[in-house]
Amino acid sequence: MRAEPSILHVDLDAMFAAVEQRDKVSLRGKPVIVGGVAGRGVVATASYEARAFGARSAMPMAQARRRCPPGTAYLSPRFAAYKRTSEVVMALLAEVTPLVEQVSIDEAYLDLAAAGHDLSPRGVTEIAMRLKREIAAATGGITGSVGVASSKLLAKIGSELRKPDGLTVVPAGGELAVLHPLPVGRLGGVGPATEQRLHRSGVRTVGQLAEVPLEDLVDWFGTAHGGGLFRLARADDDRPVVGEREAKSVSAEETFEVDLTDPVRLNRELDLLSARVAGRLRSGGITGRTVNIKVRHHDFTTVTRAITRDQPTDDPRLVAQLARRLLTEIDTSGGIRLLGVGVSTLADFAQDDLFSSFPEGFWSAVPAGPAEDEELDHPFMREEVSIAASDGEPGGPPHPATNPGGLLAPPATALAGRPTPPAGDSGAQLVPAAPDLAGRPASGAVDSDAEHVPAAPDLAGPPVPEALDPGERLVPAVGQVEAFPAWRPGQDVRHEEYGAGWVWGSGLGRVTVRFEGPRTPPGPVRTFAADDPLLSPADPPDWRE
DNA sequence: TCTGGGGTCCTAGGACCC
DNA sequence: TCTGGGGTCCTAGGACCC
């Protein structure tokens, strides 16, 4: 934990779905689910509209289909498009500080201390707000949520607090006030198993976790995990922002549409997986000594086998040969659901051995699957879009594009009152595909398509809210902003009364908060303001209407 | 129609070595 | 002959993350 909030965490909001909605006008404001659309697929990302119906990441696609209404779009991922958007964002991050740790395609930590920034709460708020504007402008409206705090733990929690399009700054000294009320499952490293074990001992919040003696945690979870929980519960987190990390393993796996039993077929699948892995080793200029296979049986039990050689390799034939040998140790007669091949114990130099040459035409003979950069509009990447006839009906979810609030209107789902499912769904007719999907070119982060809306809402001239004093400097906040812990929707009595709120003001000096009443019947809009709410974490600001 | 695919890290036990 | 004791490498499995 540092003395200043110098670690910034950015997380793009429902990125896969957001890219699809950016690139296809017809999807905006509608539930969109990206993931494996076939039988055994799961949800990778659900748009906020889809989350309102209960769709979640990692949920079986079949279950998501049961929950979401007609009109929901179910899309196969277009990784190339997401990667391009990601690269645009990462390039922006690199301009903020040289020390950036990319965690995944849509997430990164920034060490603001590595760039000599003003690390006061006000200073980092300014950086974060500018960054959010730049991201939205450069990506055509993809929003990111940002948390800034004195540690990775708190920065990440901060970015999650006000999703989507949120901003949370946790001033030094405010960490425990943020952390302790949260459920333990919000801590990184606390998954279902750990959470269940903690619940069994009556530990539900991080504050309660902080009361558990170290010995108990070590007893329950082992030295590393137990000790880690003990420290995290105290906001004791020194993990540095790490720029580059070397890969430790490379693997490929596949779940089959139906369980496989045919040994010949299984071996062929191992060959294909081996070729994919070896191809990626080669393109990365690395080799590995250990070959692993993974087998998931029909009943979902999973076993692994590994063998380590003295010499590293990147030869697909050798990897395949070892993989096949490992598979003979496993009884596959009951049916195999998933097969995987991996290489680990990596060395970053290529071993010059006799096996590294390839027969002519080897690679063209091996269908290694789509290359990373290839657009995935292959016939097998099915795309299903259905449009409900209830589009635009009254009572449906508010459509951002038609919201008269313009810039200041938060995404519909940001409102505490969940968007109601469109009325009259039951009789809705399904249109097999959206007309605008026909024959469109491969789309990228910057898209010349006529339907493409090039940028975020015009940030240059935001409408000035009536509640702001004349002459007050207005920084055009993108969507929601939260100054924590000075003000928290959900804790504030005015929030209880009004159900939804967001900060739209400058964030620097005077901040204005707007609350909207219950949606049905439409309630009044009330506006409050306070001076420097961000800078007085211990002293609640005086919000005046 | 339950449960993807790419990873990382940790633990525990056995082999082996000095 | 009641069994040392580190350290490293390897394997299998499990939890977790995005």
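Guide: Start at D11, which lies in strand β1, residues 7-12. Strands (E, at least two residues) and helices (H or I, at least four) are DSSP runs, numbered from the N terminus. The model is predicted: local features need pLDDT of at least 70, side-chain atom pairs count only at pLDDT 80 or more, and totals for chains, interfaces and linings use all residues. Side-chain values use heavy atoms, without hydrogens and water.

Visitor: Is D11 buried or exposed?
Guide: D11 counts as buried, because its relative accessibility is 9%. The cut-offs are under 20% relative accessible area for buried, over 50% for exposed, and partly exposed in between (1.4 Å probe, protein chains only).

Visitor: What does D11 touch, leaving out residues up to four places away in sequence?
Guide: D11 touches D106, E107, G144, S145, K156, S159 and K163. Contact means heavy atoms within 4.5 Å.

Visitor: Which residues does the UniProt "binding site" annotation cover?
Guide: The unreviewed UniProt entry puts that label on D11 and D106. They are spread over 96 residues of sequence, yet cluster in space, with a largest C-alpha distance of 5.8 Å. UniProt annotations may be inferred rather than shown by experiment.

Visitor: Where is D106?
Guide: D106 sits in the loop between β5 (100-104) and β6 (107-111). D106 is buried too, at 19% relative accessible area. Beyond four places in sequence, D106 touches V10, D11, L12 and M15.

Visitor: Switching to charges. How many salt bridges are there?
Guide: The count is 21, where a salt bridge is a side-chain nitrogen of Lys or Arg within 4 Å of a carboxyl oxygen of Asp or Glu. One of them joins K163 and D13, with the closest N and O atoms 2.7 Å apart. K163 lies in the loop between α6 (152-161) and β8 (167-169) and D13 in the loop between β1 and α1 (15-23), so this pair ties together parts 150 residues apart in sequence.

Visitor: What does E101 pair with?
Guide: E101 forms a salt bridge with R245, and the closest N and O atoms are 2.7 Å apart. E101 is in strand β5 and R245 is in the loop between α11 (223-232) and β9 (249-260), so the bridge ties parts 144 residues apart in sequence. E101 is buried at 4% relative accessibility, whereas R245 is exposed at 59%.

Visitor: And which side chain does R186 meet in a salt bridge?
Guide: R186 meets E160, at 3.7 Å from N to O. R186 is in the loop between α7 (175-179) and α8 (192-200), and E160 is in helix α6, 26 residues apart.

Visitor: Which residues do shared partners join into one network?
Guide: E20, R22, D23, K24 and R78 are joined that way by salt bridges.

Visitor: What about R337, which is buried yet has no salt bridge?
Guide: R337 is in strand β12, residues 336-347. The nearest side chain of opposite charge is D259, 5.0 Å away; Lys and Arg count as positive, Asp and Glu as negative, and His and the chain ends are not counted. Among the residues R337 touches are R40, E254, D259 and R296.

Visitor: Last one: how many helices and strands are in chain A?
Guide: Chain A has 15 helices and 17 strands. Of its 545 residues, 50% count as buried.

How values were computed: Residues are numbered from 1 along each chain as its sequence is written. Chains are lettered from A and ligands numbered from 1 in the order in which they are written.
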